[in-house]
Amino acid sequence: MARKTVYVSDLTGNTIDERNGAKLTIAYLDARKGTVVLDVNADEVEDLARKGRKQARRGRKPKGSDEGS
């Protein structure tokens, strides 16, 4: 028997397409409050994403990305 996982938006309750999903992370400045992660449709948070800024990736670059050496 095969299983299919269906993701549902935490904001609206609508199902999330495989190609249209996003995770919204809220990190409080007060570390005692912890971090909150929401599964959402990318369309639902477009206006929030436009107001925010991109965060740089952390850690080493993946091995395949170093084409010069």
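Me: Where does Leu 38 sit?
Reply: This is a predicted model, and in it Leu 38 belongs to strand 4, which covers residues 35-41.

Me: Buried or exposed, that Leu 38?
Reply: Leu 38 counts as buried, because its relative accessibility is 18% and the cut-off for buried is under 20%.

Me: What is Leu 38 in contact with, leaving aside neighbours within four places in sequence?
Reply: With those neighbours set aside, Leu 38 is in contact with Asp 10, Leu 11, Ala 22, Lys 23 and Leu 24. Of these, Leu 11 is 27 residues away from Leu 38 along the chain, and the C-alpha atoms of the two are separated by 7.9 Å.

Me: Switching to charges, how many salt bridges are there?
Reply: The count comes to three. In one of them, the side chains of Asp 39 and Lys 23 meet with an N to O distance of 2.6 Å. That pair links distant parts of the chain, since Asp 39 is in strand 4 and Lys 23 is in strand 3 (residues 21-27), 16 residues apart.

Me: And is Lys 23 buried or exposed?
Reply: Lys 23 is exposed, with a relative accessible area of 59%.

Me: Which residue pairs with Arg 19?
Reply: Arg 19 forms a salt bridge with Asp 17, and the closest N and O atoms of the two are 3.6 Å apart. Arg 19 counts as exposed at 75% relative accessibility, whereas Asp 17, at 43%, counts as partly exposed.

Me: What about Asp 30, which residue does that bridge to?
Reply: Asp 30 forms a salt bridge with Arg 32, where the closest N and O atoms lie 3.1 Å apart. Asp 30 is partly exposed, with a relative accessible area of 30%, while Arg 32 is exposed at 77%.

Me: How many positive and negative side chains are there altogether?
Reply: The protein has 15 positive and 11 negative side chains, and the centres of these two sets lie 8 Å apart.

Me: What share of the residues is buried?
Reply: Buried residues make up 9% of the 69 in the protein, and Leu 38 counts as buried. The accessible surface comes to about 7000 Å², with 48% of that belonging to carbon and sulfur atoms.

Technical notes: Residues are numbered from 1 along each chain as its sequence is written. This is a predicted model: local features need pLDDT of at least 70, side-chain atom pairs count only at pLDDT 80 or more; totals for chains, interfaces and linings use all residues. Side-chain values use heavy atoms; hydrogens and water are left out. Buried means under 20% relative accessible area, exposed over 50%, partly exposed in between (1.4 Å probe, protein chains only). Accessible areas come from the Shrake-Rupley method with a 1.4 Å probe; for residues, only the protein chains shown count as cover. Lys and Arg count as positive and Asp and Glu as negative; His and the chain ends are not counted. The place of a charge is taken as NZ of Lys, CZ of Arg, CG of Asp or CD of Glu. Helices (H or I, at least four residues) and strands (E, at least two) are DSSP runs, numbered from the N terminus. Contact means heavy atoms within 4.5 Å. A salt bridge is a side-chain nitrogen of Lys or Arg within 4 Å of a carboxyl oxygen of Asp or Glu.
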